[in-house]
Amino acid sequence: MALSWTAGAWTLAALGFLSCCSFGCEASRTSGSISEGNKQEQEPSSLERVKRGWVWNQFFVVEEYTGTEPLYVGKIHTDSDEGEGNIKYTISGEGAGSIFIIDELTGDIHATERLDREKKAFYTLRARARDRLSHDPLESESEFVIKVQDINDSEPKFLEGPYIGSVAELSPIGTSVMKVTASDADDPAYGSSARVVYSVLDGERIFTVDRHTGIIMTAVADLDRETQERYELVVKATDMAGQMGGLSGSTTVTIVITDVNDNPPRFPQKMYQFSVSEGAAVGTPVGRVIATDADMGENTDMSYLIKEEGELFKVTTDVETQEAVISIKKPLDFESKRTHNVVVEAVNKHVDPRFVDLGSFRDQTIVRVSVSDIDEPPIFQPAEGTTMAVQEDAKVGATVGIITARDPDVKNKPVRFSIDRSTDQEMIFHIDPGSGAITLEKILDRETAGWHNITVRAVEADNHTMASHSAVSIRILDVNDNPPELATPYEASICEDAKPGQLIHTISVVDRDEPQTGHRFYFTLAPEASSNRHFTLWDVKDNTAGIRTQRSGFNRHEQNVYFLPILVVDSGPPSLSSTGTLTIHVCGCDTEGAIQSCNATAYVMSAALSPGALIALLVCMLILIVLVLLILTLKRHRKGQRMTEDEEDMRDNVIKYNDEGGGEQDTQAYDMSALRNLYDFPEAKSCDSGPDIRSLPQWIQSNRVGGGGAEGAAAAAAAAADFSLFKGYIRKKVEQADADLSVPPYDSFQTYAFEGTSSPALSLSSIHTLSTTSEQDFSYLSDWGPRFRQLAGYYAPGNPEEEGS
């Protein structure tokens, strides 16, 4: 197969492709050019026979074809095609049948659409030759490429625009700002279609751009953000290396001028005026001023200072508003100074050393503060308080001191004084309301209270709301009104074998007074001890005295105690004295002078006990104490147990009697009135019909019913006597039960005395056996032991003769 092609009017160079100059079977290697309608054949350098097949190469088609007819691309041909029309050519692949069509008979390929290399640079297709009748393939399917040739049809584009950059103000010429880049979709390998150069269309006086790199730089050195803080310039990119006919594109670049600290703070005014009351408290804001700074951000941060009047005022900076806040540092006084000129200075915090030559980065202004007058309370002189002194022996009405206060206002109103009685509850002092003189109301005693702290109140005479207070400390000066005394009730001891002149004791003195020159005490023996021949007193001259023996040979069996009166006198004035007694014990001592015993009848052991013997002695004493305590505890336990058993036995007997009878539901078994009148039935009632028999115990009922005359009266008297004994016993037990909180209440003892009369279980109580009709024999109670001895005495058979009498 031989292949030859043309592309419109273009002349294409082909090197090393196979070609057949005719539809023969020879192939030759050629080098040359082929143009449409004209094929130049070169002499073959060599001839060789090859197998019949495709003669193949690439096809080219120019982009952006604007003709009305399909654009001829090329021709495919097989060397088996003899021109008889028996072969059918077909193509498949990218764009086959739509963009590219083929003539089935001739193999000519045409492009039916306008191609764009920037969208698709080449197309890959497959060619096939078949027998038209049998459809059998004559050649194997082969792939070929149709390349789209580039033309300069795409302008440069700034894909990342619009651009925003920044540069610091006052930057030098040539400072790089930013870089812009334009892209050209044309083929960079084909001509200069994709070679781009840059230029500035608008703003070239301030900024320039590098022609080849697209880097934007400053063209001036006096950029000032405060004058203009942003610039917009247009940068153009042109392809074809900027030659005539090249395409171009442009973009907008915004350049922001960043701030540097090149401007000092400035106060808008050189003077500000404010007014404040003289009564304003310390820390009260007077006013606010602010210095402006043309810079921005942290370059505007500033601090404020007070250059003058800094004693009375202070300035702070509001971190949010950057304002200077002038406030009071010390109290103001209208009467002293009515106007203050405060010089405030503003200073930048962050000074750039590159711009220090531009000038001082600080500014000053004057803040004039006018003080307004108010009605003020009186002022004490001195203001911090007063200290006074008075003798403790001063008379009532004596003057202690004078308090001074004045009205600080211009009018100077009169002042009245008083004492805050919460600080002088005993009302020891008095103050004159007009003069402020403090006098005594009571006698003073320094030893009771050496200082008195009171508060004096001063008010304006016609406006008591204007008040002030001052502390007055009054010191009570000492007067020698307390005699000296021995420090403690002194006692001393000497050995029987003491030597003459031996120091046995040193005494000292206390005095409640506090003389300004200090204490000085004098010691001597009292007149009643002037005849003393046993001891002498030695004044040491340092407010102490020593006691020495005057003889030897003391015997405690003859006299074991000596009393030595000592007279102590202070230095006054006036001199006061007192007498104290020193008790001296005569003691027995060992050979080394250690005191063993001071008792005249004491026995001095010749040898001390060893530690082991002392421990044994202590252990024995402890054992004896434990045994004694154990015995006492056992005795108390047994005694308590016996008492408990006795009480429980008697109490149990009584309580068991209470459980008999018809029970709680049996309300007809006994008469409730008998329980309510337990102690009333022994008394006789002066009634003809006599007392109600049902209200009496059964043994009394028997005597009342059966007895008559003298015998009945005697029997009744005996029964009454027996019942009075039982009544006393019951009352005794009831009193014990009332005192004992662990037994049932008193009411429970009222119910056991009388039982129901119609219980079918019969009564187990022994109370009814007191009647003469009882047939029971209770003599066995005497055999039950001492616990039932008293009960046996109640129910044992009595002597008939005693009953008859």
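Predicted model: local features only at pLDDT ≥ 70, side-chain atom pairs only at ≥ 80, totals over all residues.
Nine aromatic pairs are found in a search of the whole structure. Among them, the rings of Phe-267 and Tyr-304 form a tilted pair, because their planes stand at 50 degrees, with the ring centres 6.2 Å apart. Phe-267 belongs to the loop between β18 (248-258) and β19 (271-277), while Tyr-304 is in strand β21 (residues 302-308), so that the pair links distant parts of the chain, 37 residues apart. Phe-267 has a relative accessibility of 6% and therefore counts as buried. Tyr-304 is likewise buried, at 5%.

Phe-554 itself pairs with Phe-535, and this pair is stacked, with 5.6 Å from centre to centre and 15 degrees between the planes. Phe-535 lies in strand β39 (residues 535-539), whereas Phe-554 is in the loop between β40 (544-549) and β41 (561-569); the pair therefore ties together parts that are 19 residues apart in sequence. Phe-535 counts as buried because its relative accessibility is 2%. Elsewhere, Phe-158, Tyr-163 and Tyr-198 are joined by ring pairs into a cluster.

## Confidence of the model

The protein has a mean pLDDT of 77, and 75% of its residues reach 70 or more. Over residues 649-660 the pLDDT stays under 50, and the model gives this stretch 21 contacts beyond four places in sequence. Residues 799-805 also have pLDDT below 50, and here the model has three contacts beyond near neighbours in sequence.

## Salt bridges between separate parts of the chain

Side chains of opposite charge can pair when their charged atoms come close. The whole structure contains 21 salt bridges. One of the bridges joins the side chains of Lys-120 and Glu-94, at 3.6 Å from N to O. This pair links distant parts of the chain: Lys-120 is in the loop between β9 (108-111) and β10 (122-131), and Glu-94 is in the loop between β7 (87-93) and β8 (100-102), 26 residues apart. Lys-120 counts as partly exposed because its relative accessibility is 31%, and Glu-94 is placed in that category at 33%.

A salt bridge also forms between Lys-413 and Glu-460, whose closest N and O atoms are 3.9 Å apart. Lys-413 lies in the loop between β29 (404-406) and β30 (415-419), and Glu-460 lies in strand β33 (residues 451-460), so the pair ties together parts that are 47 residues apart in sequence. Glu-460 counts as buried because its relative accessibility is 0%. A network of salt bridges links Arg-225, Glu-226, Glu-229 and Asp-259.

## The surroundings of Glu-141

Which residue meets Glu-141 in a salt bridge? The partner is Arg-128, with 2.9 Å between N and O. Arg-128 is located in strand β10 and Glu-141 in the loop between β10 and β11 (142-149), so the bridge ties together parts that are 13 residues apart in sequence. Both side chains are partly exposed, with relative accessible areas of 26% for Arg-128 and 38% for Glu-141.

Leaving aside neighbours within four places in sequence, Glu-141 is in contact with Ser-92, Arg-126, Ala-127 and Arg-128. Glu-141 and Ala-129 are 12 residues apart in sequence, and their C-alpha atoms are 7.7 Å apart in space.

Where does Leu-624 lie? This residue is in helix α1, which covers residues 611-658. Leu-624 counts as exposed because its relative accessibility is 55%, and the cut-off for that class is over 50%. Together with Ile-615, Val-619, Ile-623 and Leu-627, Leu-624 makes a nonpolar surface patch of about 470 Å².

Conventions: Residues numbered from 1 in each chain as written. Heavy atoms only, no water. pLDDT = per-residue confidence, 0-100. Contact = heavy atoms within 4.5 Å. Patch = residues over 30% accessible without salt bridge, like charges linked within 9 Å, V, L, I, M, F, W, Y side chains within 5 Å. Areas by Shrake-Rupley, 256 points an atom, 1.4 Å probe, with all protein chains shown as cover. Salt bridge = Lys/Arg side-chain N within 4 Å of Asp/Glu carboxyl O. Helix = DSSP H or I, 4+ residues; strand = E, 2+ residues; numbered from the N terminus. Buried < 20%, exposed > 50% of the residue type's maximum accessible area, 1.4 Å probe, protein only. Phe/Tyr/Trp six-rings, centres within 6.5 Å; stacked < 30°, edge-to-face > 60°.
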